[in-house]
Amino acid sequence: MTTLETAPLIPDFGAAQTTRKLAIICSKGNLDMAYPGLVLANAALGEGVETHLFFTFWGFDMINKKTMGDLKFTMLGNTATHLPQGLGGLPGMTAMATHQMRKTIADLGIPDVPEFLQQIVDSGGHLWACRMSADMQRLDEDDLYDEVEGIISASDFIEKTEGAQLLFI
Amino acid sequence: MTTTTIDGRTVHVNDEGFLVDPSEWDEQLATTLATQIGITLTDEHWRAIRFLRDDYVAQGETATLRRISTVGGIPVKTLFQLFPQKPAKKLAYVAGLPKPHGCV
């Protein structure tokens, strides 16, 4: 059926200023668990949503200069690989699984973790590091990815993200 | 299928208003589409639009911001300045293409 519109039909791209906010807490340091937060942050920014990421506990590995480019994927304890768990414990298995996952991700044109963080910052996203994790790991701002805006307490983060939708990963 | 009149010509659009037939698009129409969403096209906008059109012909799908930056050489930051808030969708709209399907 053909409907004739008289006024031009223009997509609704939302208000110029949206009040929607998203806070994502990244608490994992495995390669496979780094991506959900990054992909969702990137998607939210592309929709004009103000987005803040808070890196805490093992999630610190995503912003620690020493580890961020070297996150690993292991089959151990992950039944979703549908392979015998014993295999995961064999020498070299984690390296192999990590290599395979990196390749799969790269083949899809998806950036590695440091580059993905840069894309998020370029899209207007905010990166924050957890004070307690920094203290536990004896790290300061020099040890962290340059685009991290600061090491802040959990309460500072809660304050900054007032009214935000929150994801814990 | 829905049609709408833009610039005195009738084009086919989906229910959101995105053009569904890339062949109904030309550069003059792009200028009007951009004006409708509050964007005045500059050379930089055109570079992005032309990349998106060419890439669509080659790939059969609309490039994501990631692809426009890595393959098209236009930084993500610039894309957010040129097409504020929702760059991927606004750019696709002005270029007369479907919204990108890729996640990244």
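Two strands are paired if DSSP finds at least two bridges between them, and helices (H or I, at least four residues) and strands (E, at least two) are DSSP runs, numbered from the N terminus. The model shown in these views is predicted: local features need pLDDT of at least 70, side-chain atom pairs count only at pLDDT 80 or more, and totals for chains, interfaces and linings use all residues. Residues are numbered from 1 along each chain as its sequence is written, while chains are lettered from A and ligands numbered from 1 in the order in which they are written.

**View 1. The open sheet of chain A has five strands in the order 5-4-3-2-6, with parallel pairing.** Strand 5 and strand 6 (165-168) of chain A stand at the edges, each with a single partner strand, so one side of each has no neighbour in the sheet. From one strand to the next, the twist averages 25 degrees.

View 2. A residue is buried if 20 or more other C-beta atoms, placed from the backbone, lie within 10 Å of its own.

**View 3. Helix 1 (residues 31-46) and helix 4 (residues 113-122) of chain A pack at an angle of about 25 degrees, with their axes 10 Å apart.** Helix 1 of chain A is therefore roughly parallel to helix 4 of chain A (angles under 35 degrees count as roughly parallel). Axes are lines fitted to C-alpha atoms, for helices over the stretch in contact, and angles run from 0 to 180 degrees between N-to-C directions. Among the residues making the contact are A:Leu38 and A:Leu45 of helix 1 and A:Phe116 and A:Ile120 of helix 4 of chain A; residues are in contact if their C-beta atoms, placed from the backbone, lie within 7 Å.

**View 4. Helix 4 of chain A has buried residues, including A:Val113, A:Leu117 and A:Val121.** Just after helix 4 of chain A, A:Gly124 takes a positive phi of about 100 degrees.

Technical notes: Angles under 35 degrees count as roughly parallel, over 145 as roughly antiparallel, 65 to 115 as roughly perpendicular and the rest as oblique. Two residues are in contact if their C-beta atoms, placed from the backbone, lie within 7 Å. A residue is buried if 20 or more other C-beta atoms lie within 10 Å of its own, exposed if 12 or fewer, and partly exposed in between; C-beta atoms are placed from the backbone.
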